[in-house]
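Welcome! Take a moment to look over the sequence and the model below, and then we can walk through some of its parts together.

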Amino acid sequence: MPGFGSSPSADPSTLPTSVVCIATRAGDEVVGCGAQLAFHAARQDRVVVLVLGDGGSAQRRDAARAAVKALGVGDVRSLDVAEGKLGAQTDLVARIRTAVDEIAPELVYVPALREQDADLDQRAASRAIASALANGPARSVLVYGLGYGAEDGFAFEAARFDAAKRAAVEALSVARPRTGAAANPERFVRVSSSELRATQTADAQRLQSLRAGQIRSDLPRTTAVVSTWNKCSDVRANLESLRAQTLPFSAIVVVDNASRDGTSEMIAREFPEVRLITMPHDKFGACETFNIGFKSSATELTAILDDDIVMPPEWLEKATLRMVQEPPTTAIVSTQVVEPGTPDAYLKSPAVNTERYMSTFRGCASLARTQALTEAEWYDERLFIYGNERDLTCRLLNLGYRVLQYPGCGVFHKTPFGIKMGKRSLYYHARNAWLSMLKYAPMSALVRMPWLVFSKVILRSEKREAQGDVADATGTIGIGRSLRETKGAWWVVTKAGLSVLWNLPYCLKHRRPVKAPDFELPIS
């Protein structure tokens with residue numbers, strides 16, 4: 001295991017004088033390395049305790065602060081994440097990294113992942129901490145709270161600070177009994193911040209038996225596929241959140257469409273585990289670059305992810321657990337998406353928050369069966385960009401598959417709510433909706449489409465869209481506004497119509513009307 005030493009003790013005088021101790025829950029730092037913190041405080045080092053969770057109750061928080069004060073440490077900071085919600089925080093990695101960087105310590109104490117604490121929140125915290133520290137400045141890291149035998153790690157000679165720790169544990173026990181906690185030996189593993197992620201992964205592999213409902217070794221493996229173009233900082237945040245998953249991805253594939261902002265160089269430098277595919281030029285459409293990523297997936301599941309999403313640590317675990325509950329005919333689990341400007345009424349809409357089978361999926365954060373994607377022949381590259389999810393779903397439905405909307409987990413998508421404004425977006429949204437429906441809509445639905453486009457898309461109010469009435473057809477949200485605000489919008493639509501006529505022979509050649517009951521027109 002990387003980072004483990006064989007020495008039974010170490011000289012504490014060699015430790016840096018600026019330290020941060022990260023705790024998942026209030027009080028964990030006292031039990032895990034309280035004597036060591038007392039040593040730092042007695043030496044008048046700069047010591048900061050960073051607590052990720054809020055402790056769950058005012059009594060527990062107060063007791064934890066009293067316990068830390070008994071150690072001689074006065075600087076306690078908290079991210080104030082609600083008890084049991086660490087796994088659901090999309091920005092957990094960024095918040096940890098920001099907090100640590102503001103303090104700029106030379107040494108960081110981090111909690112080990114132990115079998116008795118192997119719940120989702122503990123695993124989320126462990127992996128988020130590792131991901132947050134991995135790409136930051138080089139720092140020494142000591143992993144505390146080890147659940148291994150005496151032969152693992154090393155101990156510091158801090159016996160004279162045991163009394164301070166016992167007083168701290170006594171103060172903590174007002175809120176939560178800690179029988180024998182003060183007597184537990186404090187053992188540590190020394191690693192560098194860049195090695196921590198590998199160490200935490202090895203820790204997780206040592207957990208042989210986990211309680212019901214937690215991560216299982218028999219869960220199918222997943223390859224994450226991301227297509228990107230000139231979004232270097234967004235991709236970095238995305239990959240950091242992928243690293244922090246409680247159920248790790250088996251592989252991460254990024255297809256870079258010849259970005260000019262240093263994206264490929266950043267990935268190669270900071271994320272060496274990523275399988276990076278760099279296109280020779282930037283004229284490829286998103287459908288083609290995603291297909292290249294899909295074809296490289298060798299795992300049972302494939303995660304379809306936009307480059308500007310950030311997911312919480314629990315995303316893959318929850319989506320996978322939901323997928324394995326479905327029959328093999330469920331091809332895709334489409335998860336919830338929150339975007340800037342998303343109206344509260346839309347987020348609370350029953351249509352958006354109810355599990356149901358749909359006629360499309362959210363391409364920015366969905367989990368798919370790789371074999372189903374292969375059978376359906378991935379995205380139609382003629383579409384170039386936009387509307388490709390519904391087009392693919394039609395082929396999946398014709399093959400007997402279904403797509404499940406799963407609101408049980410989700411991501412934050414940095415692209416604003418509704419369709420992107422501008423001529424390019426309007427053109428491809430208008431054109432591709434017709435191309436797909438000419439291929440797959442039953443004739444009875446196709447003849448109604450012109451009237452529905454006029455009455456339910458062009459004339460639809462923004463108020464109705466914000467209320468969540470448009471649940472499946474997210475690609476039509478904002479069309480009316482785009483027509484009003486895009487300069488030369490009607491000429492753009494005219495060009496889209498001409499392209500539809502040009503592609504009519506192609507559509508007729510590939511026409512396979514969908515008879516599955518899940519099918520709906522891209523209009524709500």
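## Helix 3 and helix 4

Helix 3 and helix 4 cross in a right-handed way. In this predicted model, helix 3 (residues 92–103) packs against helix 4 at an angle of about 55 degrees, and their axes are 8 Å apart. That angle makes helix 3 oblique to helix 4.

Which residues make the contact? From helix 3 come Leu 92, Val 93, Ile 96, Arg 97 and Val 100, while helix 4 supplies Ala 124, Ala 128, Ile 129, Ser 131, Ala 132 and Leu 133. Sorted by class, the contact of helix 3 with helix 4 has nine nonpolar, one polar and one charged residues.

## The whole protein

Now for a step back. The protein has 20 helices and 17 strands. Of its 524 residues, 56% are buried. Among contacts between residues at least 6 apart in sequence, 86% join residues at least 24 apart.

Helix 7 (residues 232–243) and helix 8 (residues 263–270) have axes that come within 9 Å and cross at roughly 30 degrees. Helix 7 is therefore roughly parallel to helix 8. The crossing of this pair is right-handed. On the helix 7 side you will find Cys 232, Val 235, Arg 236, Leu 239 and Arg 243, which meet Thr 263, Met 266, Ile 267, Arg 269 and Glu 270 of helix 8. The contact of helix 7 with helix 8 has five nonpolar, one polar and four charged residues.

Helix 15 and helix 19 (residues 489–502) pack at an angle of about 35 degrees, with 9 Å between their axes. The crossing of helix 15 and helix 19 is right-handed. Helix 15 brings Lys 423, Leu 426, Tyr 427, Ala 430, Arg 431, Trp 434, Leu 435 and Leu 438 to meet Ala 489, Val 492, Val 493, Lys 495, Ala 496, Ser 499 and Val 500 in helix 19. By class, the residues of the contact of helix 15 with helix 19 divide into eleven nonpolar, one polar and three charged.

## The largest nonpolar core

In soluble globular proteins, nonpolar side chains tend to be buried together. Here, the largest nonpolar core has 37 residues. Those with the most contacts inside this core are Phe 294, Ile 304, Tyr 379, Leu 396, Met 437, Phe 519 and Leu 521. The elements giving two or more residues to the core are helix 9 (286–295), strand 14, helix 13 (370–375), helix 14 (388–398), helix 15 (423–440), helix 16 (443–458) and helix 20 (504–509).

What does Met 437 touch, leaving aside residues up to four places away in sequence? Its partners are Arg 390, Cys 394, Leu 446, Met 449, Arg 511, Phe 519, Leu 521 and Pro 522.

Ten of the eleven residues of helix 14 are buried, so helix 14 is largely enclosed by the rest of the structure. The buried residues are Asn 388, Glu 389, Arg 390, Asp 391, Leu 392, Thr 393, Cys 394, Arg 395, Leu 396 and Leu 397. Their cover includes helix 9, strand 14, strand 15 (356–358), helix 13, strand 17 and helix 15. After helix 14 comes Gly 400, with a positive phi near 95 degrees.

Helix 10 (residues 315–325) is also largely enclosed, because eight of its eleven residues are buried. These are Trp 315, Leu 316, Glu 317, Ala 319, Thr 320, Leu 321, Arg 322 and Met 323. The buried residues of helix 10 pack against helix 4 (120–134), strand 9 (222–228), strand 12 (301–306), strand 14 (330–338), strand 16 (365–369) and strand 17 (402–413).

Leaving out residues up to four places away in sequence, Leu 373 touches Phe 294, Thr 302, Ile 304, Ala 368, Trp 378 and Leu 392. Leu 373 and Lys 295 are 78 residues apart in sequence, with 9.2 Å between their C-alpha atoms.

Ala 298 sits in the loop between helix 9 and strand 12. With 76% relative accessibility, Ala 298 counts as exposed. Ala 298 and Ala 251 are 47 residues apart in sequence and 8.8 Å apart in space, C-alpha to C-alpha.

How values were computed: Residues numbered from 1 in each chain as written. Predicted model: local features only at pLDDT ≥ 70, side-chain atom pairs only at ≥ 80, totals over all residues. Heavy atoms only, no water. Buried < 20%, exposed > 50% of the residue type's maximum accessible area, 1.4 Å probe, protein only. Helix = DSSP H or I, 4+ residues; strand = E, 2+ residues; numbered from the N terminus. Contact = heavy atoms within 4.5 Å. Core = buried A, V, L, I, M, F, W, Y, C linked by side-chain atoms within 4.5 Å. Axes fitted to C-alpha atoms, helices over the stretch in contact; angles between N-to-C directions. Parallel < 35°, antiparallel > 145°, perpendicular 65-115°, else oblique. Left-handed = near helix turned anticlockwise from the far one by under 90°. Nonpolar A, V, L, I, M, F, W, Y, C, P; charged D, E, K, R; others polar.
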